[in-house]
Amino acid sequence: MTAAGSVVLVGAGPGDAGLLTIRGLRALEAADVIVADRLGARGVLDGLAAEGVALSAEVVDVGKLPGHHAVPQDAINALLVSLARDGKRVVRLKGGDPFIFGRGGEELAFCRDHGIDVEVVPGITSAISVPAIAGIPLTHRGLATTFTVVTGHEQIQSLGGGRDHTVVLLMGIGTLANSAITLARGVRGVDCPVAIIEDGYGPAQRVTVGTLDTIALQAARRGVRSPAVVVVGDVVALSPYAPEAITTSAVAPAATPATEAPPASADRKTTQP
């Protein structure tokens, strides 16, 4: 009888191999099979290879590619159990953190329900790490004391708070215009700052800054594409990418000066508001 294997859910972070945890790396080195997403996970695997880290595991790609659908979640769940029952040490490598809009909880429950030993290794979610590239903290003294992370697929009409309540939209480019109109209602207003960070930590990394009134048109004109993280709130005014009209619209104690040069690792393309 084949000895039971195991599954480790590993958060790959936003796609930079340097942001993978040491525990996650050790799991990858010990794996027989790596079941990998495309976003985040593939970037980490490529980055490790470029740094000379040799992984012996077979890599099974279950992520979505242009023109092709991702492997259905039910099939991924069944694959993890099947590989583990074959005695394999399986790493399920997921972009960001497995439990932040990653359906990691479903995979964990399915494996445990089928008697498979599962470990979870957290990752750095793109909801926090990607805004940081653009110099945007999600909370900041005097500007924001709370933040909410939602997806662009969700209804956000009931989302409370004002400009001091930072909103982070994941997977929100397709519904950006509707989200901007919805969030502009109430106390946030049409002049609430917004930033879009495309392809965080990737070769097409780019930042676009505007307001709830202008951001949809800016995104259309610039051809903004997924993957991207959208940040809404006065903390956007702290970004070195924010134009003067936006930095002066928010009272920002200890804010980054608008004339400060962007961080060296930030935007790989010239950014215009």
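**A look at the sheet**

Author: Strands here are DSSP runs of E with at least two residues, helices are runs of H or I with at least four, and both are numbered from the N terminus. Two strands count as a pair if DSSP finds at least two bridges between them. Within this pair, valine 167 has valine 232 of β10 as its bridge partner.

A quick word on where this comes from: the model is predicted, so local features need pLDDT of at least 70 and side-chain atom pairs count only at pLDDT 80 or more, while totals for chains, interfaces and linings use all residues. Residues are numbered from 1 along each chain as its sequence is written, and side-chain values use heavy atoms, with hydrogens and water left out.

Now zoom out. The pair belongs to an open sheet of five strands, in the order β6-β7-β10-β8-β9, and the pairing is mixed. At the edges are β6 (146-151) and β9 (206-211); each has a single partner strand, so one side of each has no neighbour in the sheet. From one strand to the next, the twist averages 20°.

Then there's a helix: α5 packs on the sheet and touches β6, β7, β8 and β10. Touching means contact, with heavy atoms within 4.5 Å. The direction of α5 makes about 80° with that of β10, where axes are lines fitted to C-alpha atoms (for helices, over the stretch in contact) and angles run from 0 to 180 degrees between N-to-C directions.
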